[in-house]
Amino acid sequence: MSIIWLIIMLLSIAALLMTDPASVLEAMITGANDAVSLALTLIALYGIWLGLFEILSRTGASDRLAKLLRPVVRRLFPGESDETGKYISMNMSANLLGLGNAATPMAINAVHGMRRDPRSPATATTNMIMLVVISATSLQIFPSTVISLRAAHGSANPADFLLPCIAATVTSTIVGIAGVKLISRLAAAISRRIAARRALRSPE
């Protein structure tokens, strides 16, 4: 990923050198200042919520949260262990609060704990794909990161987009889940047909 960002940066600098060479240094300094300002803006937000998640983990509240979300997790991710379900629950909770970066490590831990197909261990399973889709659609009840950024940039009402955000993320999550379920069923049906044809063609 770092190589991709390096290539993008070099291509941007090269394009700017050809169009406006005098502004290259100014653009680099401005970009660095903006990056540092953004990082400082988000430090407090993520410090609060990550600290909260750590408290939940140490007090056992995360286990109770996992039990609360267990029916949903088992429905969406059948066959996974309780430990994996715990990470999935924490990932969903972080996404609900709009903490995409905080949700990523939990999703990685969940994927590492998921069962793999012994016939093809390097291939992503339906549960893995489902987790990626749910994380990408990012159902958010309280988009705290976006609200913090809007407040930091002087928005008069940083949370005025809350209802459209909830509607959009709920819709995208439902569509994503339905798409994964539909495609996985179609793929299973195609696999069964291929296996049946191979069985008919193979000699007895």
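Predicted model: local features only at pLDDT ≥ 70, side-chain atom pairs only at ≥ 80, totals over all residues.
Student: Thanks! At what angle do the axes of α5 and α6 cross?

Tutor: The axes of helix α5 (residues 100–113) and helix α6 (residues 126–137) cross at roughly 170°, and they come within 10 Å.

Student: Why are α5 and α6 called roughly antiparallel?

Tutor: Angles over 145 degrees count as roughly antiparallel. The crossing angle here is roughly 170°, and α5 and α6 are therefore roughly antiparallel to each other.

Student: Which residues of α5 and α6 meet?

Tutor: On the α5 side they are Ala107, Ala110 and Val111, and on the α6 side Met128, Leu131 and Ser135. Sorted by kind, the residues of this contact are five nonpolar, one polar and no charged.

Student: Now the whole chain, please. How many helices and strands are there?

Tutor: The protein chain has eight helices and zero strands. Along the sequence the pattern reads α-α-α-α-α-α-α-α.

Student: What makes the chain more spread out than a compact globule?

Tutor: For 204 residues the globule rule gives 17 Å, whereas the radius of gyration of the protein chain is 22 Å, well over that value, so the chain is more spread out than a compact globule. Its C-alpha trace spans about 75 × 50 × 30 Å along the principal axes. Buried residues make up 28% of the 204 residues.

Student: Let's pick one residue. How do you know that isoleucine 141 is partly exposed?

Tutor: Buried means under 20% relative accessible area and exposed means over 50%, with partly exposed in between. Isoleucine 141 has a relative accessible area of 44%, so this residue is partly exposed. You will find isoleucine 141 in the loop between α6 and α7 (144–152).

Student: Which residues does isoleucine 141 touch, not counting those up to four places away in sequence?

Tutor: Its partners are Leu96, Leu162 and Ile166.

Student: Where is isoleucine 166 found, and why is isoleucine 166 called partly exposed?

Tutor: Isoleucine 166 belongs to helix α8 (residues 162–201). Its relative accessible area is 22%. Since buried means under 20% and exposed over 50%, isoleucine 166 is therefore partly exposed. Leaving out residues up to four places away in sequence, isoleucine 166 touches Gln140 and Ile141.

Notes
Residues numbered from 1 in each chain as written. Heavy atoms only, no water. Axes fitted to C-alpha atoms, helices over the stretch in contact; angles between N-to-C directions. Helix = DSSP H or I, 4+ residues; strand = E, 2+ residues; numbered from the N terminus. Parallel < 35°, antiparallel > 145°, perpendicular 65-115°, else oblique. Contact = heavy atoms within 4.5 Å. Nonpolar A, V, L, I, M, F, W, Y, C, P; charged D, E, K, R; others polar. Rg over C-alpha atoms; globule rule 2.2 N^0.38 Å. Buried < 20%, exposed > 50% of the residue type's maximum accessible area, 1.4 Å probe, protein only.
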